[in-house]
Amino acid sequence: MSVYAKAPAGAPCWVDLYTSDAAAAREFYGRMFGWEAEEPAPEFGGYFNFTLGGVRVAGCMPAMEGMGTPDVWSIYFATDDADKTLSAITAGGGQVESPAMAVGDLGTMAVVVDPNGGRFGLWQPGTHAGFGLIAEHGAPGWFELYTRDYGSALEFYRSALGWDVETISDTPAFRYTVVRDGDQQLAGVMDATDFLPAGTPPQWTTYFAVDDADAAATAIGAAGGAVVRAPEDTPYGRIAEVRDPMGAAFRLVGPNISTPAQ
């Protein structure tokens, strides 16, 4: 199991689940990915971390009673200076949903919305560096933005988060750009004009890596989750779209012939 070093500024560094049933989430994700849960922190609304092999891989926030907010996975991007990054976000037309807030000595967080409506978080690490594993079975494996405003989204994120990007396909059928840190690919942006439902805002999606996408999708269905899109082969692995029993959406990515296990 390889430990992931601190994420560079502008890279995905943390994911967390907002859930209507924290106990069910602990049971489900423990069963699916082998996660264990740290003790909830009452001073932070009962928030707790999931660990894999003793390494933090994700967080979980129990829903407040009566809020009615849908269960959802959120992605956070690393920043060395949350206030400076928020200024760049607003200068680029984004909006601040929750301003920079210190979370004890763990770090500083903020929640923002890009100019097209895509929601994401910022995390300035303190003692909590973010997830410590990536692309291992049961750990975050990839991060992707689906947007109908592909060109303007790239312009915004390059300016606001300092992204270095590489377009890997630019055809009407498939427009896709990856975020890079040297030779490492960090995240992707897809032109979703042809499949994102009308009226649906841009969406950041987390993929969790698995050793076998078909077996994982079957297990998710058996555990009360839903398989929205069955596993299929792509040039980037075998991918499935799923939901947990409370409705939170995420994706699976496993090896295939095009992208074999390392």
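**View 1. Start of helix 2.** A side-chain oxygen of Asp81 comes to within 3.3 Å of the backbone nitrogen of Asp83 where helix 2 begins. A polar contact is a pair of N or O atoms within 3.5 Å; within protein, one must be able to donate a hydrogen and the other to accept it, and residues adjacent in sequence count only if both atoms are side-chain atoms. Helices (H or I, at least four residues) and strands (E, at least two) are DSSP runs, numbered from the N terminus. The model is predicted: local features need pLDDT of at least 70, side-chain atom pairs count only at pLDDT 80 or more, and totals for chains, interfaces and linings use all residues. Residues are numbered from 1 along each chain as its sequence is written, and side-chain values use heavy atoms, with hydrogens and water left out.

**View 2. The two faces of helix 2.** Ala82, Thr85, Leu86 and Ile89 are the buried residues of helix 2 (residues 82–91). They line one face of the helix, because their directions seen down its axis fall within an arc of 105° (the arc is that of the directions from the helix axis to the C-beta atoms). Buried means under 20% relative accessible area, exposed over 50%, partly exposed in between (1.4 Å probe, protein chains only). On the face turned away from the buried side, Asp83, Lys84 and Ala91 are exposed. The cover over the buried residues includes strand 6 (95–103), strand 7 (107–113), strand 8 (119–125) and helix 3 (150–161); contact means heavy atoms within 4.5 Å. Just after helix 2, Gly93 has a positive phi of about 100°.

**View 3. Helix 1.** A side-chain oxygen of Asp21 reaches to within 3.4 Å of the backbone nitrogen of Ala23 at the start of helix 1. The buried residues here are Ala22, Ala25, Phe28, Tyr29, Met32 and Phe33. They cover an arc of only 125° around the axis, so they sit on the same side of helix 1. The 12 residues of helix 1 (residues 22–33) should span 16 Å at 1.5 Å a residue, and the end C-alpha atoms are 16 Å apart, which agrees; the expected span is 1.5 Å times one less than the number of residues. Gly34 follows helix 1 with a positive phi, near 75°.

**View 4. Cys13 and Cys60.** The structure holds 0 disulfides (pairs of cysteine sulfur atoms within 2.5 Å). The sulfur of Cys13 has its closest cysteine sulfur in Cys60, 17 Å away, which is too far for a bond. Cys13 is buried at a relative accessible area of 2%, and Cys60 is buried at 0%.
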